[in-house]
Amino acid sequence: MGHLPLHEKTAIVTGAGRGIGEMIALSLATAGADIVVNDIDKNSAEKVAGQIGRLGRKALVHTADIADKEQVEQMFADLQNEVKTIDVLVNNAGITRDNLFLNMTEKEWDQVMDINLKGLFFCTQQAARIMKAQNSGKIVNLTSVSAQVGNVGQANYTASKAGVIGLTRTLAKELARYNITVNAVAPGFILTPMTRTIPEEIQGMILATIPMGRPGQPEDVAKVVKFLSTDESAYVTGQVISCNGGMYLA
């Protein structure tokens with residue numbers, strides 16, 4: 001099994017209970033990693049852990065709410081007793097609370113910031129301390145095409161995901177000396193439980209903006225995350241890799 005790129009490594013994936021997070025967790029397990037499945041929905045997390053087990057990898061379920069600092073600290077304290085190393089952190093957990101900016105409530109703003117940005121800060125700070133001590137690590141943050149181009153009705157979401165890009169670049173500079181790479185993946189329009197709720201008419205309008213003419217699949221994103229989680233990307237850090245079928249070209 002030694003030829004697998006993540007053999008004997010442990011990866012944490014937040015929001016791994018469904019959608020893109022689930023596919024990332026399975027993809028990293030297929031590459032040889034044991035997976036810490038973090039999701040506030042215990043049933044979803046356990047279902048994904050079961051799939052990982054069937055792939056012959058170990059899976060640990062943690063239901064910490066990443067927006068709660070104490071829960072995150074507890075999760076990482078537990079992990080240090082449960083796993084030998086923490087090699088990969090994928091900050092995937094995210095929510096939307098869409099509304100036009102002039103109608104947006106403080107609660108809608110805060111909920112999105114708390115999970116998408118502050119939760120990422122809590123998880124990354126805990127993981128980076130462990131990675132610094134072992135002098136190695138890979139951090140992959142999920143941002144969004146919405147952060148790159150803006151999106152009507154998503155002032156809170158785009159601001160949080162643009163914050164993820166800025167944080168990724170700064171952490172890449174701060175953590176490089178500890179042999180830790182920090183990169184971001186910016187998915188475009190991906191078919192997930194979250195996007196399936198978009199009305200068909202609007203989905204049609206979105207598809208018209210994608211040169212490849214199809215929505216992305218969670219697997220498309222997971223493959224990019226896998227690349228950034230292995231030594232294939234050893235000299236890549238501070239980058240935002242778009243996975244959007246040509247929807248936005250920077």
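In which hand of crossing does H3 pass H4? H3 passes H4 in a right-handed crossing, where right-handed means that the near helix is turned clockwise from the far one by less than a right angle, and left-handed means anticlockwise.

The model is predicted: local features need pLDDT of at least 70 and side-chain atom pairs count only at pLDDT 80 or more, while totals for chains, interfaces and linings use all residues. Residues are numbered from 1 along each chain as its sequence is written, and side-chain values use heavy atoms, with hydrogens and water left out.

**Helix packing**

Two packed helices are described by the angle between their axes and the distance between the axes. Helices (H or I, at least four residues) and strands (E, at least two) are DSSP runs, numbered from the N terminus. Axes are lines fitted to C-alpha atoms, for helices over the stretch in contact, and angles run from 0 to 180 degrees between N-to-C directions.

| Helix pair | Axis distance | Crossing angle |
|---|---|---|
| H3 (residues 69-82) and H4 | within 9 Å | roughly 30° |
| H4 (residues 106-134) and H6 (residues 155-175) | within 8 Å | roughly 15° |
| H1 (residues 19-30) and H8 (residues 218-229) | 8 Å | about 50° |

Angles under 35 degrees count as roughly parallel, over 145 as roughly antiparallel, 65 to 115 as roughly perpendicular and the rest as oblique. H3 and H4 are therefore roughly parallel to each other. On the H3 side, the contact (heavy atoms within 4.5 Å) is made by Lys 69, Val 72, Glu 73, Phe 76 and Gln 80, and on the H4 side by Phe 122, Cys 123, Gln 126, Ala 127 and Ile 130. These residues divide into six nonpolar, two polar and two charged. Here Ala, Val, Leu, Ile, Met, Phe, Trp, Tyr, Cys and Pro count as nonpolar, Asp, Glu, Lys and Arg as charged, and the others, Gly among them, as polar.

H4 and H6 are also roughly parallel to each other, and H4 passes H6 in a right-handed crossing. Residues of H4 in this contact include Trp 109, Asn 116 and Leu 120, and those of H6 include Tyr 157, Lys 161 and Leu 167. By class, the contact of H4 with H6 has 13 nonpolar, five polar and two charged residues.

H1 and H8 pack at an angle of about 50°, which makes H1 oblique to H8. H1 passes H8 in a right-handed crossing. Among the residues that meet are Ile 20 and Met 23 in H1, and Val 221 and Val 225 in H8.

**Single residues**

Lys 161 lies in helix H6. At 4% relative accessibility, Lys 161 counts as buried (under 20% relative accessible area; exposed is over 50% and partly exposed in between, with a 1.4 Å probe and protein chains only). Leaving aside neighbours within four places in sequence, Lys 161 is in contact with Asn 116, Leu 142, Thr 143, Ser 144 and Ala 147. Lys 161 and Leu 142 are 19 residues apart in sequence and 8.0 Å apart in space, C-alpha to C-alpha.

Rings of Phe, Tyr and Trp (its six-membered ring) pair if their centres lie within 6.5 Å; planes under 30 degrees apart count as stacked, over 60 as edge-to-face and the rest as tilted. The count by this rule is one aromatic pair. The ring centres of Phe 121 and Phe 122 are 5.6 Å apart and the planes are at 40°, so the pair is tilted. Phe 121 is partly exposed, at 38% relative accessibility, whereas Phe 122 is buried, at 10%.

Glu 8 is not a glycine, yet has a positive phi of about 65°.
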